[in-house]
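Morning, everyone. Let me put the model up and walk you through a few features.

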Number of protein chains: 2
Amino acid sequence: MTHRGLVAAVDVGGTAIKGILMDASHSAVARRDVPTPRQGPDAVFDCVQELVDRLLDETATGTSRLAGVGVAVPGIVDDHTGTAHVSANLGWREVLARSELANRFTAPVVLTQDVRAAGLAESHLGAARSADDALVVPVGTGIAGALVVDGRLVTGGGYAGELGHVVVDPSGEPCTCGSRGCLETIASARAIARRYGVRAGADASAREVAAAVAGGDRVAREVWSEATEALATVLATCVTVLGSEVIVLGGGLSGAGRLLLDPVRTGLEERLTFQRRPQVVAAALGELAGCLGAGLLAWEQVV
Amino acid sequence: MTHRGLVAAVDVGGTAIKGILMDASHSAVARRDVPTPRQGPDAVFDCVQELVDRLLDETATGTSRLAGVGVAVPGIVDDHTGTAHVSANLGWREVLARSELANRFTAPVVLTQDVRAAGLAESHLGAARSADDALVVPVGTGIAGALVVDGRLVTGGGYAGELGHVVVDPSGEPCTCGSRGCLETIASARAIARRYGVRAGADASAREVAAAVAGGDRVAREVWSEATEALATVLATCVTVLGSEVIVLGGGLSGAGRLLLDPVRTGLEERLTFQRRPQVVAAALGELAGCLGAGLLAWEQVV
């Protein structure tokens, strides 16, 4: 018999908090977004509680039907202890988020990281649903990764999946992490915009650089090609280590479609010899992936 | 109540087949080694069967007490399907090893890869037993890796853990895998011996190079330092991706002790910024690690 309850799933981002109610068949039955408050963790937790209350009200769902709450936050998050060690986008350090949230709900609360939540969702409901072993890589302002192994997420105590900080060029540009030449300094949307700006002497977003690539702009092509080569290098390393079957590229840059996918595919083809040959595909679930993953995780714990 | 049965665990190597009987407390109660026959898979399976029979005879153990059989083989091995896709050391390709072995025993048979078996043993009984997330890296003729995540091995359909084929220097020496500048071409025992030979104009084994390093030989120091730097580079990448707590260095080269461990530790220290800081330790179980891991796996399936 299908569970009649609902799970509330919330994705706390640097600018917005997105919430959904998810039924036992993993469909979102209601959605609401609010801006992220700037007054620290407590204000965020209050806001999450209010958001869930509103979703329940709107759908005339009694609190007793709330079977669980899944919350995803950015940064280095330990699912086991429910701690957000570092969430730069929220200005958090060592926040015991799960227990704080648990005080605000009668239903059980699970905490996870936004990238892993999105990875879980793509793996169970989205672009990697045919694969046991997948790599879900959001390429946006930064670059992160969710590793799915035998259908399960790799957490590494909250430290796993930091693909953006694999060093590609030890003598490259300084990275915010303190190292040099990290993937993020070459292939993130922010890096592409910056590197184009420096060389072309003109401001452009990564999206505009992508358009310029399609239009034949020489500098844009150079910057774009360096980005996709760096991505292919790091993904080839990941495949060699993990044996991934599917690589899902998400985040803002994946909006470029084949302009991103094709050179990454070719770059992998050139680099791999005996290794597993992964499919490279675009993310399927869009901006709700984090919510859906937090909801899936809550359902896993509840049932 | 403790299980009264025994598990037979066999590690099939390129030159020798090692076998043990393992009790429910995971102790080896008998051991026997035989040379690996050269006449193909069937001869190897017959030899494994005979080896197990001898172990049972020697210990006056009735076949009815044999609760399971665990067999580890080298190469690309899919535990789920029980297939050895490629075992270069044995000259095997697409060998359905588990079902062949199952025909020879009444007890259930599990098949795995030798490196993962050793990794499981180090993780449950050896140098990584305190850690949920470990990386076990045998550095010998080649370089391989077993990834332990949340206490479980990552298989990647048999393709996971190929650390020796992570590219460190794209313009480096050709590798047997068809790529260039793989870790194995710089940091394996074979590579160290070869690189020293070329530069010093004198034949020496990796062990002799290590002795020459300790004795202050300039060329030996150069070759050794390139090897440990390359190892640190790849291990730093793995830690960034996996969040490993412990790195266990095994294989022949780990016999060098601190001569290997210290520069790898320093190299990691230099490369990591916000990432988890793994302990770097030497393997604890020696040459029986593969057998012990195959036995553990058999016990997991049996009980």
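I will take the symmetry, then the cysteines, then some helices.

This is a predicted model, where local features need pLDDT of at least 70, side-chain atom pairs count only at pLDDT 80 or more, and totals for chains, interfaces and linings use all residues. Residues are numbered from 1 along each chain as its sequence is written, chains are lettered from A and ligands numbered from 1 in the order in which they are written, and side-chain values use heavy atoms, leaving out hydrogens and water.

Symmetry. Chain A superposes on chain B by a rotation of 180°, with 0.0 Å of shift along the axis and an RMSD of 0.0 Å. The two copies are thus related as by a two-fold rotation axis. How do the copies meet? Through the same surface, because 100% of the interface residues of chain A are also interface residues in chain B.

Cysteines. How many disulfides does the structure hold? Over all chains, 0. The criterion is a pair of cysteine sulfur atoms within 2.5 Å. A:Cys175 is in no disulfide, and its nearest cysteine sulfur, in A:Cys182, is 3.8 Å away. A:Cys175 is buried, at 11% relative accessible area. Buried means under 20%, exposed over 50%, partly exposed in between, with a 1.4 Å probe and protein chains only. Now B:Cys47. Its sulfur is 13 Å from the closest cysteine sulfur, in B:Cys291, too far for a bond. B:Cys47 is also buried, at 16%.

On to a loop. B:Pro170 lies between strand E11 (152–153) and helix H4 (184–187) of chain B. Helices (H or I, at least four residues) and strands (E, at least two) are DSSP runs, numbered from the N terminus. Is B:Pro170 buried or exposed? Exposed, at 63% relative accessibility. The C-alpha atoms of B:Pro170 and B:Cys182 are 7.9 Å apart, and the two residues are 12 apart along the chain.

Helices next. H3 of chain A, residues 114–124, is mostly covered, with 10 of its 11 residues buried. Among them are A:Val115, A:Arg116 and A:Leu120.

Last, a helix pair. In chain A, H5 (residues 189–200) packs on H7 (residues 218–242) at about 145°, axes 10 Å apart. Axes are lines fitted to C-alpha atoms over the stretch in contact, and angles run from 0 to 180 degrees between N-to-C directions. The contact, meaning heavy atoms within 4.5 Å, includes A:Ile192 and A:Tyr196 of H5(A) and A:Val223 and A:Trp224 of H7(A).

Methods:
Least-squares fit on C-alpha atoms with pLDDT ≥ 70 in both.
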